[in-house]
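Let's take a walk through this structure together.

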Amino acid sequence: MRICMVSDFFYPSIGGVEEHVYNLSQMLLSLGHKIVVLTHAYGDCSGIRYVTGYLKVYYLPIKVCYNQCILPTAVCNLPMLRAVLLRERVEVVHGHSAFSALAHEALMVGSLLGLKTVFTDHSLFGFADLSAALTNNLLEVNLGMVNHAICVSHIGKENTVLRARVAKNRVSVIPNAVDTALFTPDPQQRPSNDIINIVVASRLVYRKGIDLLAGIIPRFKNTPNVNFIIVGDGPKRDLLEEIREKTNMQERVQMVGAVEHNKVRDFLVRGHIFLNTSLTEAYCMAIVEAASCGLQVVSTSVGGIPEVLPKSLILLAEPEIDAIYAAILTAIDRHQKSSFKVSPPVANGHLPSEANGKVKRRRRKKADTPTSPSQLPSSSAPPADQNSPAEPVMCPYRCNELVETLYNWEDVALRTVKVYDRVLQERSFTTSELVFAVWQHGSWFLVFFVVAHFLMHLLELWRPRKRVELALDIQRTPS
């Protein structure tokens, strides 16, 4: 199967969508499929590049307009997109992120070429503000031309079905995953005294609830055994630094700044508790990575977060300062009462080979690998303000083992392949069906679609498909 992943967001940029596209592509390559990635140029990173595993990446020479996204023109990049899709003999075009204008344009070009199209939505959107209304309308038009859509959580599916007015049977839920071999526990990095480290790793923006974090930090001014490690950067960093100065907590609140994704684990393993204060999330990768490193997670109960982790790994609270503060105190109490004994890890931080073997055997059994949130352990933790008994903290290595059982890229890739197989069995959209879908969902976009349709015909006359030089495939070396 020949698949083209398309998104404005890819390496060297760092983020959840970039990581998802990269890891999914690598796993699909290992399953024997041909994968190419389409994105825009990042500075000097342009042209055709090969990354790990002979993953072919097209860094197209398109200027960035805003926030790493290209200007949505609908037709200006059509000749280049058509050439790449034909050259690589693509069968399925898979776009990622509702913010990506390049993904939307590639999906339209793929539909006009008669290819099968799939779209993955990674975010939640509202309905009130102007930006959300425009994005929802654009998404509604594009999903009318897409064979199938994928969301990373059930709440994300509900959100997409409502705002894009797409039939729910055309939307599947496939969660993200985490590389548990990279995010391994190392309790020896934690303070040996009674100090409790609370780690925060996110972009410091309003949507991540940094204003809530700014209200929580002063609550621990008179609790000298609680420190904060804040990883990430953004416009709200000045607010946190101001709070740190006002409370004289310079020695207890460490502002790390932005770090590369492969170095995040070095800061996670130093903590006991991971704090997430997001105001909206479709699926929070950060809490899964933290749980894989053995941290007790405290998070706001918003979006798709309640369906991500079982209650043994997470404490949920309403997005209010008092509720989050109470949840943190509960997590601290659990750590102070925990009595688990941590065995010395092997060189790579994994459990001994015998335990790892059991995990791998469980992953091979379909019945033991959750394929839907209904198969996961219950993740609806009681509100933090209730007088619930403090549960013991799970051993960090057992946390890693559990996360590996629940979320792994092999399972995500296999479920994605099932979606590809399904759309390949469907017939391609006719031009009249595409015109009707565009007119029904967004008549304003019909002008751009008609121009794109005639431009495709002109390109077919000027450079027919049979004259497009096909790309040579590089054979992967068996590992």
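Which residue in strand 10 is the bridge partner of Ile150? It's Ser172. Before going further, a word on what you're looking at: this is a predicted model, where local features need pLDDT of at least 70, side-chain atom pairs count only at pLDDT 80 or more, and totals for chains, interfaces and linings use all residues. Residues are numbered from 1 along each chain as its sequence is written, and side-chain values use heavy atoms, with hydrogens and water left out.

Back to that bridge. Strand 9 (residues 148–151) and strand 10 run in the parallel sense, paired over 3 bridges; two strands pair if DSSP finds at least two bridges between them. Both belong to an open sheet of 8 strands with mixed pairing, and the order is 3-4-2-1-7-8-9-10. At the edges you'll find strand 3 (47–51) and strand 10 (171–173), each with a single partner strand, so one side of each has no neighbour in the sheet. Direction ignored, neighbouring strands here are turned by 25° against each other on average.

Now zoom out for a moment. The protein chain has 15 helices and 16 strands. Those names come from DSSP runs, numbered from the N terminus: H or I of at least four residues for helices, E of at least two for strands. Of the 479 residues in the chain, 55% are buried, meaning under 20% relative accessible area (1.4 Å probe, protein chains only). Among contacts with a separation of 6 or more, 74% are between residues 24 or more positions apart, a contact being heavy atoms within 4.5 Å.

From first C-alpha to last, helix 3 reaches 17 Å, close to the 16 Å expected at 1.5 Å a residue (that is, 1.5 Å times one less than its number of residues). After helix 3 comes Gly114, with a positive phi near 85°.

Finally, find helix 9 (residues 285–292) and helix 12 (residues 396–406), whose axes come within 7 Å and cross at roughly 135°. Axes are lines fitted to C-alpha atoms, for helices over the stretch in contact, with angles from 0 to 180 degrees between N-to-C directions. Val288, Ala291 and Ser292 in helix 9 meet Cys399, Asn400 and Val403 in helix 12.

Methods
Buried < 20%, exposed > 50% of the residue type's maximum accessible area, 1.4 Å probe, protein only.
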